[in-house]
Amino acid sequence: MMHIRMLNRLCAAIVLMFAIAGGAAAADRPKEGVEADASTRQVAITSSFTGTEILVFGTVENSVQPSPEAGTYDIIIVVEGMPGPVVVREKSRVAGIWINTSSLMFASVPSYYAIASTRPIDEIADKALLDANQIGFDHVRMAHARDADVDAATVRSFKDALIRLKEAQGVYVRRDFGVTFIGRSLFRATISLPPNVPVGPLTARVYLFKEGKLLGQYQSRVMLQREGIERFIHNFAISQPLAYGLVTVLLAAAAGLTAAFAFRKPA
Amino acid sequence: MTLYLPIAEMSVSVITFLALGATVGFLSGLFGVGGGFLLAPLLTFLGIPPGVAIATSTSHVVASSVSGAMTHHRRGNVDVKLGLVMLAGGLVGTYLGVNFVKILTARGLFELTVSLTYVIFLGTVGTIILFEGINASRKPRSPGGSSLRKPGQHSWIERLPFKMRFPRSKLYTSAVPPVVIGMFVGFISAMMGIGGGFVMIPALIYLLRVPTGLVIGTSLFQIVFVSATATVLHAVENKSVDIVLAVILIAGGVLGAQFGTMAGEKLRGEHLRVLLGALILLVAARMAFDLAVRPSDLYSLALVPGAP
């Protein structure tokens, strides 16, 4: 990755030198590209974690945009959590009460998905391009596990429900005008991580579009992990569940006995 | 002040949950019940995932019943032998209950089953307690107590095999009913996140005919061990015990319970039973309402158990 990028830059520099050496404004302008990063590479989930924001910023290389407002380029930023299986259940009324009667399992669904763009994504690029790059809730591949006996309409309604519920939980976030240019080439967006953000590594992807064409993309990682006491307790609960359970019981019993002793009536 | 819960994976207000623990503790001290039947539904109501609510609630039951059990034991109000026999069944029942929760969760039927169980149990028990309390408070207080022990009843229970002598309770009876009762209480305790006193106490009185003076102590004795086992098993099997949440709830709970006990001493037993019956029915009605009314979203999400 690193080498390729350096090579790219070197190439760009060489091209640039040739262009200058050539004197005239060459017909083939240097190609535009994108570089970006996140303000925080490490987000710590501690006992005081109440959600946070990360800033994703970047620059368009060789920008020909005359001003920040010109709208020559479109940027889409996607911050995605680890994919995992999710079951969507649907209730219906049976004998007067509401019961989960049908369900569909999606084998691989991003646990977290935030998308920010300079304008609504369907204005930026066509469906095929968004699908290919998995940009946007509707374009992320969400394969359902049992494919035999469900028709497309059912899958569609389960998938819609999945997206709607994830949005309601605050773990799928969309900001249509969340990316702003603050210079001819510099852009930024804030991505909010809610308190219930699933713990795990995040991938930040930045896409550069111009007139519906994808000119470049850039990828970066943000680590999201438990730290301090939070990490200790969670590891304890997962790796030594028996001891963890016993400690909980002992704490409970000690608290109960202490209170009874402290409040004991004289005589 | 907010705190991030390591197992529930959410940030909660400490004050809210301290207050919840204290309220439930107050009521459990007031009525002499474990309070699990209030705690688990209220936790769910406040957004704690149902599995975590049930499992963490069992640890709260440990805290709220241990001091009572100790006091009764000191005063000699516990039939330890009977308690141990029931506990043998209780441990099996708890194990089955915890695993039943696991199976139901995987099938997406956990919440429904818990709600239905709550509605049925609380509805029945609440109605009985309420009417019994109303009748008792209407009648003038008669000395000599009730005629709970009617000799000659339940002859089929006496005909069961494996007779055992329980000297403390002055009983010579089959070991089968205590084991079955223990098992049943262990099962619902693990599944509903409650102590199960409201099932245990009537069973001890009406089925086993344990002397009234020993009923509460023996019931608490069994509840301490069953809820402790349920907590550990939930931690092992379902990884759903949140120790941070437990500590907050227990801190509020043990304090609340002391004040509840003081308040309870100022009220008449019959009035307390009417209030308790009404409270239990309220919880049951609320859960029945939630089952019957159309949910705002018919769809729901669930993580796949065992997935990272």
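The legends below describe close-up views of a predicted model.

Local features need pLDDT of at least 70 and side-chain atom pairs count only at pLDDT 80 or more, while totals for chains, interfaces and linings use all residues. Residues are numbered from 1 along each chain as its sequence is written, chains are lettered from A in the order in which they are written, and side-chain values use heavy atoms, with hydrogens and water left out.

**View 1. The largest nonpolar core and the surroundings of B:Phe37.** This core (buried Ala, Val, Leu, Ile, Met, Phe, Trp, Tyr and Cys residues joined through side-chain atoms within 4.5 Å) has 71 residues. Those with the most contacts inside it are A:Tyr244, B:Phe17, B:Phe37, B:Ile48 and B:Tyr118. Leaving aside residues up to four places away in sequence, B:Phe37 touches (heavy atoms within 4.5 Å) B:Tyr118, B:Leu122, B:Ile194, B:Leu276, B:Ile280 and B:Val283. A second, separate core of 59 residues includes A:Ile45, A:Val79, A:Val109 and A:Phe158.

**View 2. Helix α2 of chain B, residues 36–45.** Helices are DSSP runs of H or I with at least four residues, and strands are runs of E with at least two, numbered from the N terminus. Seven of the 10 residues of α2(B) are buried (under 20% relative accessible area; exposed is over 50%, partly exposed in between; 1.4 Å probe, protein chains only). The buried residues are B:Gly36, B:Phe37, B:Leu38, B:Leu39, B:Ala40, B:Pro41 and B:Leu43. They pack against α1, α3 (50–74), α5 (110–138), α7 (176–192), α10 and α11 (269–292) of chain B. Just after α2(B), B:Gly47 has a positive phi of about 100°.

**View 3. An open sheet of four strands in chain A.** The strand order is β1-β3-β10-β9, with antiparallel pairing (at least two DSSP bridges between two strands). β1 (33–38) and β9 (180–181) are the edge strands, each pairing on one side only. Two bridges join β9(A) to β10 (residues 186–193), and A:Phe181 stands opposite A:Phe187.

**View 4. Strand β2 of chain A, residues 42–45.** A:Val43 and A:Ile45 form the covered face of this strand, A:Gln42 and A:Ala44 the uncovered one. β2(A) pairs with β12 (residues 213–226) of chain A in the parallel sense over four bridges. A:Ile45 stands opposite A:Arg226 in β12(A).
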